[in-house]
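Subject: Structure handover

Hello,

The structure we spoke about is below, followed by notes on what was found in it. Please read the notes with the coordinates open.

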Amino acid sequence: MNVRIETSWRQKLATEFEQPYFDQLRKFITAEYKTQTCYPKGKDIFAAFDHCPFTKTKVVVIGQDPYHGPGQANGLCFSVNDGIAHPPSLINIFKEVKADVGVPYPLSGDLERWAVQGVLLLNATLTVRAGQAGSHQKKGWETFTNAVIRTISNDLEGVVFLLWGGFAKQKASLIDTSKHHVLISGHPSPLSANRGYWFGNNHFGKTNELLKNMGKELISW
């Protein structure tokens, strides 16, 4: 695995790339991509960082695992490539965006348009084996992405963290809430959403209200 990552992130995370755990992770991922079908494509593993430089990060969305179906994962959590059917969680995200801020349901499920505005779409685990959800968990990615969250918390101010579901909520302990904003709700998956834990959270409008109050440019959802 070649660590090709946007320059500002490379500088901020330089010490992580030198840690023994990351060396082991690199070897594991290299072997997996050589011997198995894995997602996303190698060039997209660090796409969340490449589209959203450190200094431009205003909002952080934390997912768990990349999609493990053919052609879905593109390195941004909850996002899928153009032409790919929208997964259930993404459908519910777009429904809430429409209900909350009035943006029509989009044709494209590629959330790069959010990322380039300063939304870091971060999965806790950045790779996965085809058809095997969670197959690359506990190999080192979580240590790395926890370091990413801590770095944002320590070195930036006024970032809005959107924590959706039980897994994402666990990351709250990494965030300094005296200088950042944390919005928590249920997960957009049908299981959670249909029980009333997702719809109506108004996180997209609330995020823009917080950004407005801080004098930052709003996100065009």
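A word on naming before the rest: helices and strands here are DSSP runs, a helix being H or I with at least four residues and a strand E with at least two, and both are numbered from the N terminus. The model is a predicted one.

Backbone, loop by loop

K138 sits in the loop that joins strand 4 (128–129) to helix 7 (141–155). K138 is not a glycine, yet its phi is positive, about 60°. With a relative accessibility of 77%, K138 is exposed.

F78 is another non-glycine residue with a positive phi, in this case about 70°. F78 belongs to the loop between strand 2 and helix 5. Its relative accessible area is 10%, which makes F78 buried.

Between strand 1 (38–39) and helix 4 (47–51) runs a loop that contains P40. The peptide bond leading from Y39 into P40 is cis, and its omega is near -5°.

Helix 10

Which residues of helix 10 are buried? Within its span, residues 203–213, they are H203, F204, T207, N208, L210 and L211. Viewed down the helix axis, these buried residues of helix 10 fall within an arc of 160°, so they line one face of the helix. As background, an α-helix has 3.6 residues a turn, so residues three or four places apart point the same way.

After helix 10 comes G215, with a positive phi near 75°.

K206 is also part of helix 10. At 41% relative accessibility, K206 is partly exposed. Leaving aside residues up to four places away in sequence, K206 is in contact with L183 and N201. From K206 to D50 the C-alpha to C-alpha distance is 26 Å, and the two residues are 156 residues apart in sequence.

Cysteines

How many disulfides does the structure hold? There are zero. In general terms, a disulfide is a covalent bond between the sulfur atoms of two cysteines. The cut-off used for a disulfide is a sulfur pair within 2.5 Å. For C52, the closest cysteine sulfur belongs to C77 and is 11 Å away, which is too far for a bond. C77 likewise takes part in no disulfide, and the cysteine sulfur nearest to it is that of C52, at 11 Å. C52 is buried, at 1% relative accessible area. C77 is buried as well, at 0% relative accessibility.

Largest pocket

What is the make-up of the lining by class? The lining of the largest pocket has eleven polar residues, seven nonpolar residues and one charged residue.

That is the end of the notes.

Regards

How values were computed. Residues are numbered from 1 along each chain as its sequence is written. This is a predicted model: local features need pLDDT of at least 70, side-chain atom pairs count only at pLDDT 80 or more; totals for chains, interfaces and linings use all residues. Side-chain values use heavy atoms; hydrogens and water are left out. Ala, Val, Leu, Ile, Met, Phe, Trp, Tyr, Cys and Pro count as nonpolar, Asp, Glu, Lys and Arg as charged, and the others, Gly among them, as polar. Buried means under 20% relative accessible area, exposed over 50%, partly exposed in between (1.4 Å probe, protein chains only). The arc is that of the directions from the helix axis to the C-beta atoms. Contact means heavy atoms within 4.5 Å.
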